[in-house]
Each structure stands twice: as C-alpha cells, then as structure tokens.
Amino acid sequence: MAKKTKRKAVHPKLPMQQQLNLEHEGQYFDLRAIFDRLNARYFRGRLRNYKVMWGRRRKRLPKEYFVFGTIQEEDRLIRINPRLDQPFVPLWFLQYVLYHEMLHSVVPDEIGSDGRRRVHTDEFNRREREYPSYKRARRWEDENLARFFR
Ligand SMILES: [Zn+2]
C-alpha cells in the first residue's frame, strides 16, 4: 500500500491517466505499446496473452550485475527493470531489451552436455544479432552500463 502511494506521488497523473494501467506505463515509456509493435513486426503476433510490466523499484543499487529484463514463460510475464524508465535511455535500446526477452519465448532452451540448461543458445544468439539495432544497442549498453549502478 505504501508503495502505491509513493508511486502516485512520484508520477502525478491527470484524472484520465489514472485509469491507465500503471504496471506497463512508466513515466517515460509505455511497455505495452513497445511490446505490441515488436510482436507485430518481428514475431507475427505470435506472443499471445503476455503481460509486460515494469519490475519493482528497489532502493538498493545493484552491485555486480544489472538485470535489464526477465521472462517467466510459465506465467507469460515479462518484467523490465524500472531503472530503464529514464530519459537518458533511448527508445531503441529499450526496444532491444524487450526484443531480447520476447525472443526467449520463441527460441527453445537447450540442455548442454554438462546437463545445464542454456537459454542463450547459438540459435538464440543468431536471431538476436538479426535485430536491426543489435550492434548499436550492445555498444550503448557497454558505454552506459555504469549509469545504472549509481
Ligand atoms: Zn536472455
């Protein structure tokens, strides 16, 4: 409950906007709109009944690694790190992050010879590189990663 109040204080909404779903609508980016566009363009609308939402805001800063997004395929749920909802994040980078998670839903995991599950398989990596902004996005990630740790 406290969280809800806080969120409202951070993002004052006009009366009409209060009816919108705040789970996917951030301050700067609406994940639903981005998801729908990517789904139509790169997946022929294949991802059905998926829910896409901003993850929980955490006070503590990440220490070692930063998770941009996650997918829970059983629940058809994609969560994006709310630290990406900032004006310095280019839309095309956020689109790439979402594309990466969406790709997990169509490229099957593999079990390696060591018995461990691999999610970033050769096939996954190949298809990820096909994404038009892939190189640009990876470069932006390298150059800007530090900004998410402070
Ligand atoms: Zn991944």
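Predicted model: local features only at pLDDT ≥ 70, side-chain atom pairs only at ≥ 80, totals over all residues.
Local features are given only where pLDDT is at least 70 and side-chain atom pairs only at pLDDT 80 or more, whereas totals for chains, interfaces and linings use all residues. Residues are numbered from 1 along each chain as its sequence is written.

In soluble globular proteins, nonpolar side chains tend to be buried together. A nonpolar core is here a set of buried Ala, Val, Leu, Ile, Met, Phe, Trp, Tyr and Cys residues joined through C-beta atoms within 7 Å; buried denotes 20 or more other C-beta atoms within 10 Å of a residue's own, exposed 12 or fewer, and partly exposed in between, with C-beta atoms placed from the backbone. The largest such core has 20 residues, of which L31, I80, V97, L98, Y99 and M102 touch the most other members. At least two residues come from each of α2 (31-42), β1 (51-54), β3 (77-80) and α3 (91-104), helices (H or I, at least four residues) and strands (E, at least two) being DSSP runs numbered from the N terminus. The greatest contribution, seven residues, is that of α3. Contact means C-beta atoms, placed from the backbone, within 7 Å; beyond four places in sequence, L98 touches I34, F35, L38, G69 and I80.

W92 also lies in α3, yet W92 is exposed because 12 other C-beta atoms lie within 10 Å.

Most residues other than glycine have a negative phi. R44, in the loop between α2 and β1, has a positive phi of about 50 degrees, and R76, in the loop between β2 (69-72) and β3, has a positive phi near 50 degrees. R44 is exposed, since it has 9 C-beta neighbours inside 10 Å, while R76, with 14, is partly exposed.

Conventions
Contact = placed C-beta atoms within 7 Å.
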